[in-house]
Amino acid sequence: MKTIEKEAKKMGMYENVMHQFNRAADLMDLNPSVRKILAIPNTEIVVNFPVKLDDGSVEVFKGYRVQHNNALGPYKGGLRYHETVDIDAARALATWMTWKTSLAGLPYGGGKGGVQINPKNYSTAELERITRRFTYALGDNIGPEHDIPAPDVNTTPQMMAWIADTYMSTKSTNERTKHAHVVTGKPVGAGGLEGRDRATGYGVVVGIKAWAKHKGVSLKGKRYIVQGFGNVGYWAATFMKQNGAILVGVQDASGTIYNNEGIDPEALHNFIGQNGGMISGYIDATVMPNDLFFGMDCDIMIPAALGNQITADNADSIKAMVVAEGANGPVDVPANDILIAKNIDIIPDIFCNSGGVIASYFEWLQNRNGELWDLQEVLEKLEIKMNNSFKRMLDAAEKYNTDWRTAAFIEAIARVEQAYLQRGIFP
Ligand code: NAD
């Protein structure tokens with residue numbers, strides 16, 4: 001009976017984001033017509049497409065792209081390759097993207113998608129064919145001025161280059177080069193931006209530094225743990241180290257490790273590079289049971305893996321002073337309320353991991369205008385944008401006497417509301 005009750009309490013990701021939206025909409029007294037529009041995605045695309053595997057057999061894959069809202073500009077958001085990709089996840093992640101791009105002040109809406117696979121089960125050649133055929137199946141549902149994908153869980157700069165190449169190849173010869181900005185997160189040699197690789201992790205640490213300044217604490221000597229040691233987790237750890245913080249625990253899909261004396265992010269990154277992307281087997285740390293991860297003794301926690309990881313089942317055990325949401329939707333609604341009641345700060349995802357989409361915007365501008373930006377310029381501009389968002393989030397929290405997540409949502413929703421109210425509804 002107890003287990004059934006617990007299961008019933010677990011929320012789907014879309015239910016989670018809608019709960020966050022409704023909380024903010026009630027508080028800000030959102031225009032009722034605009035509220036109806038924003039409560040549902042504009043478009044949901046599901047494609048089934050065949051791919052020939054290395055052994056000559058054919059497999060049919062299911063791909064998703066949900067376009068939540070484009071009142072402020074083209075849909076923008078990542079593509080994920082993971083077994084948990086389904087319509088609920090794509091809807092939720094697309095909706096978060098609308099709020100993330102709006103809060104950051106970008107001329108974009110929100111979209112998200114992916115393919116329901118475990119990429120570890122496929123060779124590089126198969127992944128190339130899956131990516132190209134998925135792009136072809138999406139056709140003109142994506143486009144540089146319409147819907148611009150980017151990397152997310154298990155998708156890489158190389159895959160973004162395949163998407164750009166496939167999309168461009170479907171255009172006439174004299175149109176082709178105008179379409180490189182159909183996707184961001186490409187390798188630098190293929191139109192990518194210096195620093196896009198580290199932008200999300202860098203932004204997470206910009207967010208943590210802003211929190212520390214607001215609290216009047218120093219990051220030097222602070223102990224932190226990271227869930228997920230992929231793109232976001234690794235780069236966040238790298239920049240935390242530059243600020244003098246000490247990594248004591250890491251969890252990824254292969255297990256959990258702990259070292260009270262500190263784990264060197266670079267050494268762990270080099271290890272996983274030789275170990276199929278997994279932390280298991282790293283010798284400079286002790287292996288821990290997975291369910292002890294969230295209760296580890298630390299000052300700062302960075303969830304940087306999947307959604308719905310911090311729930312009512314583990315939120316009570318958290319000892320950190322602050323949870324910095326590198327992942328999208330890592331804390332569900334019941335857990336959010338438990339953390340607030342425990343006076344644990346939450347740096348909300350739509351602000352905390354927005355460095356990625358901000359750098360994607362710079363890459364899009366760079367391609368669109370035929371420019372080349374350097375790394376320093378990218379990181380400086382990113383930091384300015386995030387610090388502006390942080391200030392607006394704090395101001396809204398004070399004005400509405402609410403938590404940071406709800407304040408961030410209010411700021412983001414207000415911008416979209418204004419666009420609808422000024423333009424009206426066609427016809
Ligand atoms: P990634 O594929 O590079 O890394 C994912 C990491 O999560 C891996 O270390 C993997 O082992 C780990 N993981 C997977 N399942 C897990 C589980 N059940 N328990 C513990 N760890 C698990 O992905 P990424 O790009 O670093 O994305 C991580 C999160 O950050 C996602 O929620 C993503 O939506 C979000 N995000 C990414 C970007 C970006 O630019 N890449 C931008 C904004 C937000």
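Let me start with one term: a residue counts as partly exposed when its relative accessible area falls between the buried limit, under 20%, and the exposed limit, over 50%. F271 is in that middle class, because its relative accessible area is 23%. Keep in mind that this is a predicted model.

Stay with F271 for a moment. Which residue pairs with F271 edge-to-face? The partner is Y282. The ring centres are 5.5 Å apart and the planes meet at 65°, so the pair is edge-to-face. The pair links distant parts of the chain, 11 residues apart. F271 sits in helix α9, residues 265-273. Y282 sits in the loop between α9 and β10, the latter being 286-288. Is Y282 buried or exposed? Y282 counts as buried, because its relative accessibility is 9% and the buried class is anything under 20%.

The structure holds 18 aromatic pairs. Take F49 and F134: this pair is stacked, 5.6 Å centre to centre, with 15° between the planes. F49 is buried, at a relative accessible area of 1%. F134 is buried as well, with a value of 1%. There is also an aromatic cluster, formed by Y108, Y361, F362, W364 and W373.

On to the ligand. How many residues surround the ligand? There are 21, and the closest are D152, N154, T200, A305 and N328. Which domains supply the shell? Domain 1 (1-39 + 195-353 + 403-427) and domain 2 (41-179) each give at least three residues. By class, the shell has eight nonpolar, nine polar and four charged residues.

In D152, a side-chain N or O atom is 2.7 Å from an oxygen atom of the ligand. F229 uses its backbone instead: an N or O atom there lies 2.9 Å from a ligand oxygen. G230 also comes in through a backbone N or O atom, at 3.3 Å from an oxygen of the ligand. As for cover, the ligand on its own has 830 Å² of accessible area, and the protein covers 86% of that. Which elements give two or more residues to the shell? They are α7 (196-215) and α8 (231-242).

Terms used: Residues are numbered from 1 along each chain as its sequence is written. This is a predicted model: local features need pLDDT of at least 70, side-chain atom pairs count only at pLDDT 80 or more; totals for chains, interfaces and linings use all residues. Side-chain values use heavy atoms; hydrogens and water are left out. A residue is near a molecule or strand if one of its heavy atoms lies within 4 Å of it. A polar contact is a pair of N or O atoms within 3.5 Å; within protein, one must be able to donate a hydrogen and the other to accept it, and residues adjacent in sequence count only if both atoms are side-chain atoms. Accessible areas come from the Shrake-Rupley method with a 1.4 Å probe; for residues, only the protein chains shown count as cover. Helices (H or I, at least four residues) and strands (E, at least two) are DSSP runs, numbered from the N terminus. Ala, Val, Leu, Ile, Met, Phe, Trp, Tyr, Cys and Pro count as nonpolar, Asp, Glu, Lys and Arg as charged, and the others, Gly among them, as polar. Domain bounds come from an automatic or database domain assignment. Rings of Phe, Tyr and Trp (its six-membered ring) pair if their centres lie within 6.5 Å; planes under 30 degrees apart count as stacked, over 60 as edge-to-face and the rest as tilted. Buried means under 20% relative accessible area, exposed over 50%, partly exposed in between (1.4 Å probe, protein chains only).
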